[in-house]
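Please keep the structure in view while reading.

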Amino acid sequence: MNHSRWYSKHDRRVIIIGLDSSGKSEIARVLLENWPDGCSNIEALSCYKLKIGDLNVSLYDLPGKKKDRFQWRHFFSVTQGIIFVVDMSSEDRIQESREILHSLMNDVLLSSVPFLILCNKVDIGQPILSKQLPRELKIQNMKEITWEIYKTSAKYRFGVIEGFTWLLTKMSAIE
Ligand SMILES: Nc1nc2c(ncn2[C@@H]2O[C@H](COP(=O)(O)OP(=O)(O)O)[C@@H](O)[C@H]2O)c(=O)[nH]1
Ligand SMILES: [Mg+2]
(Lines give C-alpha, C1' and ligand atoms only; values in the text may rest on other atoms or scores of the structure.)
(Ligands and ions follow the chains in the order given, each with its own letter.)
Protein backbone atom coordinates (compact mmCIF):
# COMPACT_ATOMS: atom_id res chain seq x y z
CA MET A 1 0.00 0.00 0.00
CA ASN A 2 1.25 3.44 -0.85
CA HIS A 3 1.11 5.69 2.22
CA SER A 4 2.70 8.64 0.51
CA ARG A 5 -0.44 10.76 0.50
CA TRP A 6 -0.62 10.52 4.32
CA TYR A 7 2.85 11.94 4.87
CA SER A 8 4.74 14.83 3.48
CA LYS A 9 8.36 14.48 2.45
CA HIS A 10 9.04 16.94 5.26
CA ASP A 11 7.75 14.65 8.04
CA ARG A 12 10.09 12.81 10.42
CA ARG A 13 9.54 10.72 13.54
CA VAL A 14 12.12 10.45 16.32
CA ILE A 15 11.97 8.39 19.51
CA ILE A 16 13.87 9.22 22.70
CA ILE A 17 14.71 6.10 24.70
CA GLY A 18 17.06 5.08 27.51
CA LEU A 19 16.88 4.13 31.21
CA ASP A 20 14.34 5.82 33.43
CA SER A 21 15.72 8.99 34.95
CA SER A 22 18.54 9.23 32.37
CA GLY A 23 17.26 12.66 31.29
CA LYS A 24 14.97 11.87 28.34
CA SER A 25 12.24 14.34 29.25
CA GLU A 26 14.77 17.03 30.07
CA ILE A 27 16.32 16.54 26.63
CA ALA A 28 12.87 16.85 25.02
CA ARG A 29 12.44 20.10 26.94
CA VAL A 30 15.74 21.46 25.59
CA LEU A 31 14.61 20.71 22.02
CA LEU A 32 11.23 22.35 22.57
CA GLU A 33 12.91 25.46 23.94
CA ASN A 34 15.13 25.66 20.88
CA TRP A 35 12.27 25.26 18.38
CA PRO A 36 9.51 27.05 20.29
CA ASP A 37 7.04 27.14 17.38
CA GLY A 38 6.33 23.48 18.02
CA CYS A 39 3.21 22.61 19.96
CA SER A 40 3.47 20.04 22.70
CA ASN A 41 1.13 17.41 23.98
CA ILE A 42 2.95 16.40 27.11
CA GLU A 43 0.03 14.78 28.97
CA ALA A 44 -1.19 12.34 26.35
CA LEU A 45 1.59 10.41 24.64
CA SER A 46 4.58 12.56 25.45
CA CYS A 47 4.65 13.42 21.78
CA TYR A 48 6.03 16.80 20.81
CA LYS A 49 5.87 18.45 17.41
CA LEU A 50 8.88 20.46 16.33
CA LYS A 51 8.88 22.70 13.27
CA ILE A 52 12.49 22.88 12.12
CA GLY A 53 12.96 24.78 8.87
CA ASP A 54 10.75 22.91 6.41
CA LEU A 55 10.72 19.74 8.53
CA ASN A 56 7.87 18.63 10.78
CA VAL A 57 9.42 16.44 13.45
CA SER A 58 7.35 14.31 15.83
CA LEU A 59 9.33 13.53 18.94
CA TYR A 60 8.19 10.64 21.15
CA ASP A 61 9.53 10.65 24.70
CA LEU A 62 9.04 6.98 25.66
CA PRO A 63 9.09 5.57 29.22
CA GLY A 64 12.34 3.94 30.39
CA LYS A 65 11.46 1.70 33.33
CA LYS A 66 12.27 -1.96 32.77
CA LYS A 67 8.59 -2.95 32.79
CA ASP A 68 7.80 -0.38 30.08
CA ARG A 69 10.68 -0.97 27.67
CA PHE A 70 8.80 -3.56 25.59
CA GLN A 71 6.76 -0.61 24.26
CA TRP A 72 9.79 0.81 22.47
CA ARG A 73 9.69 -1.90 19.84
CA HIS A 74 6.25 -0.84 18.65
CA PHE A 75 7.88 2.32 17.31
CA PHE A 76 10.91 0.76 15.66
CA SER A 77 9.47 0.18 12.22
CA VAL A 78 7.95 3.67 12.01
CA THR A 79 10.81 5.83 13.28
CA GLN A 80 13.42 7.66 11.20
CA GLY A 81 15.75 8.41 14.10
CA ILE A 82 16.64 7.27 17.61
CA ILE A 83 17.91 9.34 20.47
CA PHE A 84 19.38 6.92 23.01
CA VAL A 85 20.16 8.61 26.30
CA VAL A 86 22.92 7.15 28.49
CA ASP A 87 22.98 8.17 32.13
CA MET A 88 26.69 8.85 32.76
CA SER A 89 26.24 9.57 36.46
CA SER A 90 27.37 6.13 37.68
CA GLU A 91 29.17 3.01 36.46
CA ASP A 92 26.10 0.80 37.13
CA ARG A 93 23.90 2.99 35.00
CA ILE A 94 26.47 3.06 32.17
CA GLN A 95 26.70 -0.73 32.27
CA GLU A 96 22.93 -1.20 32.06
CA SER A 97 22.64 1.36 29.24
CA ARG A 98 25.44 -0.33 27.32
CA GLU A 99 23.65 -3.70 27.35
CA ILE A 100 20.40 -2.17 26.13
CA LEU A 101 22.19 -0.17 23.44
CA HIS A 102 23.82 -3.34 22.12
CA SER A 103 20.51 -5.14 21.82
CA LEU A 104 19.00 -2.14 20.03
CA MET A 105 21.89 -1.88 17.59
CA ASN A 106 21.48 -5.57 16.78
CA ASP A 107 17.74 -5.32 16.24
CA VAL A 108 16.85 -6.02 12.64
CA LEU A 109 14.06 -3.42 12.68
CA LEU A 110 16.63 -0.70 13.40
CA SER A 111 19.34 -1.67 10.93
CA SER A 112 18.80 1.43 8.77
CA VAL A 113 17.87 3.92 11.52
CA PRO A 114 20.51 6.45 12.64
CA PHE A 115 21.35 6.43 16.38
CA LEU A 116 22.12 9.65 18.19
CA ILE A 117 23.68 8.54 21.47
CA LEU A 118 23.58 11.25 24.12
CA CYS A 119 25.91 10.62 27.05
CA ASN A 120 23.98 12.74 29.48
CA LYS A 121 24.64 14.12 32.97
CA VAL A 122 28.32 14.63 32.22
CA ASP A 123 28.15 17.54 34.66
CA ILE A 124 28.02 15.08 37.57
CA GLY A 125 29.68 11.88 36.28
CA GLN A 126 33.36 10.95 36.20
CA PRO A 127 35.12 13.12 33.60
CA ILE A 128 35.69 11.24 30.33
CA LEU A 129 37.08 12.32 26.96
CA SER A 130 34.69 12.20 23.98
CA LYS A 131 37.07 10.01 22.02
CA GLN A 132 36.94 7.35 24.77
CA LEU A 133 33.15 7.03 24.63
CA PRO A 134 32.83 4.53 21.74
CA ARG A 135 35.12 2.15 23.64
CA GLU A 136 33.35 2.82 26.94
CA LEU A 137 30.06 1.84 25.29
CA LYS A 138 31.78 -0.97 23.34
CA ILE A 139 30.39 0.18 20.00
CA GLN A 140 33.66 1.13 18.32
CA ASN A 141 33.30 -1.81 15.91
CA MET A 142 29.64 -1.23 15.14
CA LYS A 143 30.15 -0.31 11.48
CA GLU A 144 26.83 -1.41 9.97
CA ILE A 145 24.84 1.23 11.85
CA THR A 146 24.97 5.01 11.47
CA TRP A 147 25.65 6.41 14.91
CA GLU A 148 27.24 9.38 16.63
CA ILE A 149 27.92 10.15 20.28
CA TYR A 150 27.59 13.53 21.96
CA LYS A 151 28.38 14.43 25.55
CA THR A 152 25.47 16.36 27.02
CA SER A 153 24.12 17.99 30.09
CA ALA A 154 20.43 18.55 29.58
CA LYS A 155 20.44 20.34 32.93
CA TYR A 156 23.01 22.91 31.79
CA ARG A 157 21.76 22.90 28.20
CA PHE A 158 24.83 21.79 26.36
CA GLY A 159 25.39 19.22 23.63
CA VAL A 160 21.72 18.45 22.95
CA ILE A 161 21.10 20.83 20.04
CA GLU A 162 24.41 19.93 18.41
CA GLY A 163 23.55 16.23 18.61
CA PHE A 164 20.05 16.68 17.30
CA THR A 165 21.31 18.79 14.42
CA TRP A 166 23.53 15.84 13.43
CA LEU A 167 20.51 13.49 13.60
CA LEU A 168 18.48 15.78 11.34
CA THR A 169 21.08 15.42 8.61
CA LYS A 170 20.95 11.61 8.79
CA MET A 171 17.21 10.95 8.84
CA SER A 172 15.45 9.91 5.67
CA ALA A 173 11.87 10.81 4.78
CA ILE A 174 8.92 8.66 5.91
CA GLU A 175 8.06 6.10 3.23
N1 LIG B 1 22.85 16.76 36.85
C2 LIG B 1 22.04 16.49 35.82
N3 LIG B 1 20.77 16.13 36.05
C4 LIG B 1 19.98 15.87 34.99
C5 LIG B 1 20.44 15.99 33.66
N6 LIG B 1 19.42 15.67 32.82
C7 LIG B 1 18.37 15.37 33.62
N8 LIG B 1 18.70 15.49 34.92
C9 LIG B 1 17.85 15.24 36.09
O10 LIG B 1 17.63 13.84 36.18
C11 LIG B 1 16.30 13.59 36.64
C12 LIG B 1 15.56 12.74 35.63
O13 LIG B 1 15.40 13.48 34.43
P14 LIG B 1 14.20 13.16 33.43
O15 LIG B 1 14.38 14.02 32.24
O16 LIG B 1 12.91 13.23 34.14
O17 LIG B 1 14.52 11.62 33.09
P18 LIG B 1 13.67 10.56 32.23
O19 LIG B 1 13.07 9.61 33.22
O20 LIG B 1 14.70 9.87 31.39
O21 LIG B 1 12.67 11.32 31.44
C22 LIG B 1 15.64 14.95 36.85
O23 LIG B 1 15.78 15.31 38.21
C24 LIG B 1 16.48 15.88 35.96
O25 LIG B 1 16.49 17.21 36.43
C26 LIG B 1 21.80 16.40 33.44
O27 LIG B 1 22.31 16.53 32.33
N28 LIG B 1 22.54 16.64 34.57
MG1 LIG C 1 10.60 11.15 31.40
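The model is predicted.

**Strand pairs**

Two pairings are set out below.

| Pair | Direction | Bridges | Example of bridge partners |
|---|---|---|---|
| β3 (residues 47-52) and β4 (residues 55-61) | antiparallel | six | Lys51 and Asn56 |
| β5 (81-87) and β6 (115-120) | parallel | six | Ile82 and Phe115 |

β3 and β4 form a hairpin. Two residues lie between these strands. Gly53, in the turn, has a positive phi of about 60°.

Is β6 enclosed or open? Six of its six residues are buried, so β6 is largely enclosed by the rest of the structure. Phe115, Ile117 and Cys119 point one way from the strand. Leu116, Leu118 and Asn120 point the other way. In a regular strand the side chains alternate between the two faces of the sheet.

The largest nonpolar core has 37 residues. Those with the most contacts inside this core are Ile27, Ile83, Phe84, Ile117 and Leu118. Leaving aside neighbours within four places in sequence, Ile117 is in contact with Phe84, Val86, Trp147, Glu148 and Ile149. In soluble globular proteins, nonpolar side chains tend to be buried together.

**Helix α1**

Lys24, Ile27, Ala28, Val30 and Leu31 are buried in α1. Seen down the helix axis, the buried residues of α1 fall within an arc of 155°, so they line one face of the helix. An α-helix has 3.6 residues a turn, so residues three or four places apart point the same way. The cover over the buried residues of α1 includes β1 (11-18), β3, β4, β5, β6 and α5 (160-170).

**Ligand shell**

**A loop residue**

Asp68 is found in the loop between β4 and α2 (73-76). Why does Asp68 count as exposed? Asp68 has 11 C-beta neighbours inside 10 Å, and a residue is exposed if the count is 12 or fewer. Asp20 is 48 residues away from Asp68 along the chain. The C-alpha atoms of Asp68 and Asp20 are separated by 9.6 Å.

Conventions
Residues are numbered from 1 along each chain as its sequence is written. Chains are lettered from A and ligands numbered from 1 in the order in which they are written. This is a predicted model: local features need pLDDT of at least 70, side-chain atom pairs count only at pLDDT 80 or more; totals for chains, interfaces and linings use all residues. Two strands pair if DSSP finds at least two bridges between them. Helices (H or I, at least four residues) and strands (E, at least two) are DSSP runs, numbered from the N terminus. A nonpolar core is a set of buried Ala, Val, Leu, Ile, Met, Phe, Trp, Tyr and Cys residues joined through C-beta atoms within 7 Å. A residue is buried if 20 or more other C-beta atoms lie within 10 Å of its own, exposed if 12 or fewer, and partly exposed in between; C-beta atoms are placed from the backbone. Two residues are in contact if their C-beta atoms, placed from the backbone, lie within 7 Å. The arc is that of the directions from the helix axis to the C-beta atoms.
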